[in-house]
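Thank you for making time this morning.

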Amino acid sequence: MSIWSIIRKEVRYNLGNFVIGLVCIAMALGIVVGAITLLSAHDIKTERLVEAKERETREAMTKLEDDYRLMMRDMGHNVLVLHEEQSIEDLRMRGAPDTYMPEEYVFELSTGGIENLNHLFPILQERATWPEMEREVIFSGTMGQVPNFEKPQFLNDEGRYRNPIRETLQEGAIEVGFEIARVEDLSVGDTVTLFDEEFTIHRVHSRKGNEDDVTVWASLDKVQEWFDREGQINGILALECVCDFESFGMVEEEVRQILADTQVLEFGTILRARFEARARADEMHQSAVQQEQAYREQLGAQRAGLVRIMVPVVLLGAAVWIFFLILNNVKERQGEIAIMRTVGVGQGKIMGIFLVKAALMGVAGALIGYLAGMIGGAAWEGIPIWQAEFGRLISPALAGLVLIGAPVLAIIAGWIPAMKAAQVDPAVILREE
Amino acid sequence: MTQTAALHVQEVSKYYDRNGRHITAMENVSVEVKAGTFMVIRGPSGSGKSTLLLAAGGLLRPDTGKVMVGGEDLYALSPDRRTVFRGKNIGFVFQQFYLVPYLTVLENVKMPGIALEIQGLNERAAELLGRFQLSERLEHFPSELSIGERQRVALARALIAKPGVLLADEPTGNLDVDNEKIIVDCLWEYAQNGGAVLMATHGLRTDGFDDVVELEGGRLKP
């Protein structure tokens with residue numbers, strides 16, 4: 001017969017009393033651990049949400065870039081590189097440049113390490129009469145997109161554009177502007193004669209309200225052939241200038257370092273609109289991320305404040321409950337204590353019986369409370385036990401604190417009742433009964 | 001069993017002050033129980049019998065007088081030493097039994113083993129329970145026993161440490177005639193084996209006991 005077996009048998013006999021104490025501690029610690037876990041889970045979830053928002057923003061910005069690219073294609077070009085002797089006044093008057101450059105210029109530019117221009121198109125434009133139609137139009141010849149090897153992100157393994165802004169026109173195909181198609185009643189697939197050759201209309205451009213409406217696009221070779229300009233071009237179009245509006249001058253400087261006898265003509269309004277729209281979109285997304293982060297931080301701070309108040313209240317409540325529970329147990333067992341004292345059991349052992357019982361309540365309650373609190377707190381924030389992130393919530397320090405702290409708390413709460421048990425005067429009990 | 005063990009209560013008095021009233025529970029009471037004798041204290045309720053037994057058992061310090069057990073002055077010992085001394089040398093039986101409800105019969109009898117080193121505890125418990133006709137009840141709980149059986153378990157517990165003195169406070173108060181006889185016979189057997197028995201009663205016939213004293217109003221009747 002030992003103290004342990006007395007404690008074990010009494011717990012089994014008086015299981016309700018033990019279970020109430022255990023549940024009380026488990027609930028208190030469950031709330032405490034749950035609240036702490038909730039805060040940790042809150043941080044993890046905030047991190048996750050902000051990451052998702054940032055990813056969303058990146059995706060939105062990428063989509064925006066794509067949208068701009070397509071819009072730019074239809075709206076015009078960001079930058080036009082011309083020969084330095086080209087008069088802008090003549091260009092405006094004629095609608096096409098009349099000063100020529102070697103075709104190789106575009107390749108010098110694409111291999112010259114230029115960083116501020118993404119997509120380069122050599123062009124040869126001529127204002128002339130379409131003989132078969134007897135109409136004055138602008139002929140625009142282009143060979144398609146020349147790879148800029150400084151921009152490998154746009155190129156595939158063969159050095160070609162993965163998603164070219166404009167496909168190279170096939171032999172025998174032309175594109176026509178809106179006004180030409182309207183007046184001549186042309187549509188895609190129609191066959192027309194141009195300089196005694198037959199061409200199929202590959203595309204009819206939408207209305208732009210500028211020279212594009214009266215332009216015929218053909219391959220660069222053809223236009224060079226028609227106007228006896230073999231190996232010559234009169235402009236290089238560059239789409240998607242990556243510089244911002246204020247630092248546009250950098251582009252001209254960069255181009256002139258490679259092609260000294262050129263000038264750069266900007267399309268400022270388009271560039272500004274694009275820059276500002278992109279900046280605004282970026283700002284909105286950043287603001288959304290910051291708002292979410294601020295909201296989560298505020299929520300976290302509110303919860304932390306609540307936890308700071310709740311934890312001591314709950315622990316104090318549990319301690320008071322344990323105190324009365326053990327005090328009641330002592331009162332119920334006074335006859336038993338009296339007879340133990342009578343047969344020679346010392347005060348220390350009597351006290352030990354009650355303190356060990358309290359500690360057992362603490363350990364069992366701590367285990368249950370810790371597990372329940374962890375699972376509940378994490379689930380509250382949407383992190384179920386089977387998710388990998390749950391592992392990040394497990395804190396050995398918290399587990400240790402709870403598993404040591406709970407029995408200590410129970411022992412402290414049970415100390416006075418246990419002392420009362422030890423001080424039971426057998427003479428008083430035995431005489432009264 | 002120690003044949004020389006005896007109880008000597010010397011001019012013991014105990015007073016209480018309750019609600020401003022001075023109460024004399026016991027005054028100048030002296031009794032001597034020799035080893036191998038069975039003494040009975042008779043008296044009505046409130047005459048001081050229980051107070052005398054508690055004081056004689058080291059559970060209630062008297063205001064005056066001395067209690068000697070086996071030559072040891074009980075109240076000269078420190079509380080802790082007195083507790084151990086009591087466990088080893090004095091057995092108690094009460095009217096209410098005070099069995100521990102969650103322990104079996106065998107465990108109740110062995111319970112003093114928590115505090116004391118008792119040689120051959122299991123064998124001794126089994127032997128006592130056999131002698132008290134409880135061999136078939138070893139694994140039963142107190143709630144499953146009759147009143148008489150409970151008192152026999154309490155008596156076996158009192159004797160487990162082979163004390164020299166046995167103090168019995170109304171041990172037959174709740175029992176029928178048959179069980180009363182069993183208990184008294186057991187006490188007699190204990191006394192005949194060298195123990196000193198001091199039993200308080202208010203109704204039991206006292207023919208044949210070694211010594212009978214009467215207590216009234218806390219004083220021994222001449």
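This is a predicted model: local features need pLDDT of at least 70, side-chain atom pairs count only at pLDDT 80 or more; totals for chains, interfaces and linings use all residues.

Residues are numbered from 1 along each chain as its sequence is written, chains are lettered from A and ligands numbered from 1 in the order in which they are written, and side-chain values use heavy atoms, with hydrogens and water left out.

Chain B has six helices and 10 strands, where helices (H or I, at least four residues) and strands (E, at least two) are DSSP runs numbered from the N terminus. Of its 222 residues, 55% are buried, and by buried I mean under 20% relative accessible area, computed with a 1.4 Å probe on protein chains only, with exposed meaning over 50% and partly exposed lying in between.

Let me turn to the sheets, where two strands count as paired if DSSP finds at least two bridges between them. One open sheet of four strands in chain B runs in the order E2-E1-E4-E5, with antiparallel pairing. Strands E2 (21–33) and E5 (72–73) of chain B each have a single partner strand, so one side of each is left without a neighbour in the sheet. Nine bridges join E1(B), residues 7–18, to E2(B), and B:Lys14 has B:Met26 as its bridge partner there. E1(B) also pairs with E4(B) over five bridges, with B:His8 opposite B:Met68. Between E4(B) and E5(B) there are two bridges, and in their hairpin, which has two residues between the strands, B:Gly70 takes a positive phi near 55°.

The other sheet I want to show is also open, with six strands of chain B in the order E6-E7-E8-E3-E9-E10 and mixed pairing. Its edge strands are E6 and E10 (219–220), each of which pairs on one side only. Within this sheet, E3(B), residues 38–42, and E9(B), residues 211–216, run parallel over four bridges, and B:Arg42 is partnered by B:Glu214.

Now, what does helix H2 of chain B pack against? The buried residues of this helix, residues 79–89, are B:Arg82, B:Thr83, B:Phe85, B:Arg86 and B:Gly87, and they pack against H9 of chain A together with E4, E5 and E6 of chain B.

That brings us to the contact between the chains, where 25 residues of chain B are in contact with 25 residues of chain A, contact meaning heavy atoms within 4.5 Å. The two chains bury about 2400 Å² between them, 68% of it on carbon and sulfur atoms; buried area here is the accessible area (1.4 Å probe) that two parts lose on being put together, summed over both. B:Tyr98, B:Tyr102 and B:Ile114 supply 34% of the area that chain B buries against chain A, more than any other three residues.

Finally, the structure holds three cavities of 30 Å³ or more, a cavity being a set of points, on a 1 Å grid over the protein atoms alone, where a 1.4 Å probe fits but cannot get out, with lining residues having an atom within 4 Å of a point. The largest has about 110 Å³ of space, and among the 14 residues that line it, the closest to its centre are A:Val343, B:Ile90, B:Gly91, B:Arg157 and B:Ala158.

Notes
On a 1 Å grid over the protein atoms alone, a cavity is a set of points where a 1.4 Å probe fits but cannot get out, and a pocket is an open set with protein on both sides within 12 Å along at least five of seven lines; lining residues have an atom within 4 Å of a point. Grid points are joined across faces, edges and corners, and a volume is the space filled by probe spheres set on the points.
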